[in-house]
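Me: I would like to go through this model and ask what each label rests on. Please set each value against its cut-off.

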Amino acid sequence: FHFLQEFKFGGVLADDMGLGKTVQTLALLQKQKEELKSTDHAKTSLLVLPTSLVYNWQKEADKFAPKLRILMHVGSNRFKDAYAFTHFDLVITTYGIVRSDEELFSKFFFNYIILDESQNIKNPTSKSFKSIKSLKSRHKLALSGTPIENSVSDIWSQMHFSNPGLLGSYSFFQKEFVIPIEKKKDESTAKRLQAIIKPFVLRRTKSQVATELPPKTEQIVYCEMNESQAELYESTKSEYRNALLEGTVNDNAKGNQIALLQGLTKLRQLANHPKMVDADYTEDSGKFEAVINMLESISTEGNKVLIFSQFVKHLDIFKSYFKQKNIPFAYLDGATKDRAQAVQEFKENDAVKVFLISIKAGGVGLNLTEADYVFILDPWWNPAVEQQAIDRSHRIGQTRNVFIYKFISKDTVEEKIVALQNRKMSIATSLITTEDSFVK
C-alpha cells in the first residue's frame, strides 16, 4: 500500500477470503490519519461496499482502529452536504448510494477511494462503474477476493478505476487481450497481461500464508434483513409480545412457556428466511444473499465448505437454489438413510464443494477434514453444540487452517442468542445439559 502510494499508483488487494483485507485497510487508514497534516485538504477517505458488509466494517473499525472518525453515509436521513465529510477520516457508503448520491460525492476530493468487493464494478457499462468513475481522489484501492469472476474482462474496470489508462480503452483491451486469451487460448498474451498488472495486484492464497494463520479463525458475519423481511419480523414480534403480555394476566404459566418458545422459534426462522414461515414469500432474505455471496468467493478458490443449520427447512432453501443453479452438493439430515454415502460423496468427489448438514444430525461422529470453511447459518442457545459442529472439520488430520463464519441477522433475537452464548461459554457445561432446561 505504502509503496503504491509513494509512486502515485492505485492497487488491487486480491487476497483470499479470511486473510484480513479489512484489517490491512484499516491499518492503512489509521496511518494516514496519523501522518496527514491538519492543513491538508484531502484527508477524508471514502469506502464503498455492498450493503451486506456495512455493519461488519463498522464493527471491525471499532475494534481495530477506534480513533478513526467514521461517518456511516447510509439510510434515508444521510447528509446532503459534502462539506460535512470534512469532519471525518472515513466515510462508509454502499454502491447503491453512490449511484443515487453521485452528484454529492463528485463535488468532494477524497484522500483514498476504496472499493470493497470491487468485482461489483466489473461491468464497465454499469451505472455503478460510471458513478464511481465520476469521483475524485488522490489515491485509489480496490479490494476483492475474486477480482476475476467469469472473464478476463472483469479485471479491466477494476484496473481502470485504480490505474486509469494502464490497460488502454475497453475496446482496445477486448481486442488486444480478452479475445486472444479466451478465444484463442494464447499463453504469451496471458503472460503479457499478467506482467502488466502484476505490480499493482497483491494476491495471496490461504496456503501461502498458512504458517502465519491460527489453526482456526472464527468470525461473525452480520447480515442486514431486507425491507419486507424486517417488516414481517417486527410485526410477528409485536404479535407474540402482546399475546404474552395478555397471557400474564390470565396467569397460564404452561401456555405462556409454549407461546414463548413458539414465538422465539418463529422469529429465529424469519431472521433466516421468511420462506421458512410463509411458503408463499417471494422476496429474498438478507442472510441468504450474504451466504450465497460468500460461497461464490470461496468456490472460485476451490475450497470445500460445511454449511450447518438447525432447521431442515433452511437447508431446503439452499438445496433448491443449488439444484436450480446446477451446483453439486452433499446433504445430510436426521432423515438421511445412507450417511456414509453422503460423507463419501463430499470427501472423494472434487466437484462437490458444499456439504449441507443439519446440526443435530451432523454434530457428532463425522470426520470432514476436507473442508476448510465452516458456515453456521443460525446460532444455537447451547454453544457446545456449535463447537461440536466446528470440530467436524477442525480435528486431528486437518492440515489446513479452518475459517468459521457465523451468520447473524442484525437487530434480531439472533444477536441476543450470541450475547447469551458468550455469557454461557464459561459455564455452558454445568448450566445447559439439555435444551428444555433453558426455559426454566
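Predicted model: local features only at pLDDT ≥ 70, side-chain atom pairs only at ≥ 80, totals over all residues.

Me: Where is Lys185 found, and what is its phi?

Reply: Lys185 is in the loop between helix H8 (170-183) and helix H9 (187-197). Helices (H or I, at least four residues) and strands (E, at least two) are DSSP runs, numbered from the N terminus. Phi of Lys185 is near 50°, a positive value in a residue other than glycine.

Me: What makes Asn326 count as exposed?

Reply: Asn326 has 67% relative accessibility, so Asn326 counts as exposed. Asn326 sits in the loop between helix H14 (312-324) and strand E10 (329-332). Its phi is positive, about 55°, although Asn326 is not a glycine.

Me: Why is Gly10 called buried?

Reply: The relative accessibility of Gly10 is 2%, so Gly10 is buried. Gly10 lies in the loop between H1 and E1. Contact means heavy atoms within 4.5 Å, and Gly10 touches Leu4, Lys140, Ser162, Asn163 and Phe200, not counting residues up to four places away in sequence. The C-alpha atoms of Gly10 and Lys140 are separated by 4.8 Å, although these two are 130 residues apart along the chain.

Me: What makes Phe9 part of a patch?

Reply: Patches are made of residues with over 30% relative accessible area and no salt bridge; like charges are joined within 9 Å, nonpolar side chains (Val, Leu, Ile, Met, Phe, Trp, Tyr) within 5 Å. Phe9 has a relative accessible area of 37%, so Phe9 is partly exposed. Phe9 is in the loop between helix H1 (2-6) and strand E1 (11-13). Together with Phe3 and Phe7, Phe9 forms a nonpolar patch on the surface with about 320 Å² of accessible area. Accessible areas come from the Shrake-Rupley method with a 1.4 Å probe, and for residues only the protein chains shown count as cover.

Me: How do you know that the length of helix H2 agrees with its residue count?

Reply: The expected span of a helix is 1.5 Å times one less than its number of residues. Helix H2 (residues 21-35) has 15 residues and should span 21 Å; its end C-alpha atoms are 21 Å apart, so the two agree. The buried residues of H2 are Lys21, Thr25, Leu26, Leu28, Leu29, Gln30 and Gln32.

Me: Why is the pair of Glu35 and Lys31 called a salt bridge?

Reply: A salt bridge is a side-chain nitrogen of Lys or Arg within 4 Å of a carboxyl oxygen of Asp or Glu. The side chains of Glu35 and Lys31 meet at 2.8 Å, N to O, and form a salt bridge. Both lie in helix H2, four residues apart, about one turn of the helix. Glu35 is partly exposed at 44% relative accessibility, and Lys31 is partly exposed at 34%. By this rule the count comes to 12 salt bridges.

Me: What do Arg69 and Asp89 tie together?

Reply: Arg69 forms a salt bridge with Asp89, the closest N and O atoms being 3.2 Å apart. Arg69 lies in the loop between helix H3 (54-64) and strand E3 (70-72) and Asp89 in the loop between E3 and strand E4 (90-94), so the pair ties together parts that are 20 residues apart in sequence. Arg69 is partly exposed at 37%, whereas Asp89 is buried at 9%.

Terms used
Residues numbered from 1 in each chain as written. Heavy atoms only, no water. Buried < 20%, exposed > 50% of the residue type's maximum accessible area, 1.4 Å probe, protein only.
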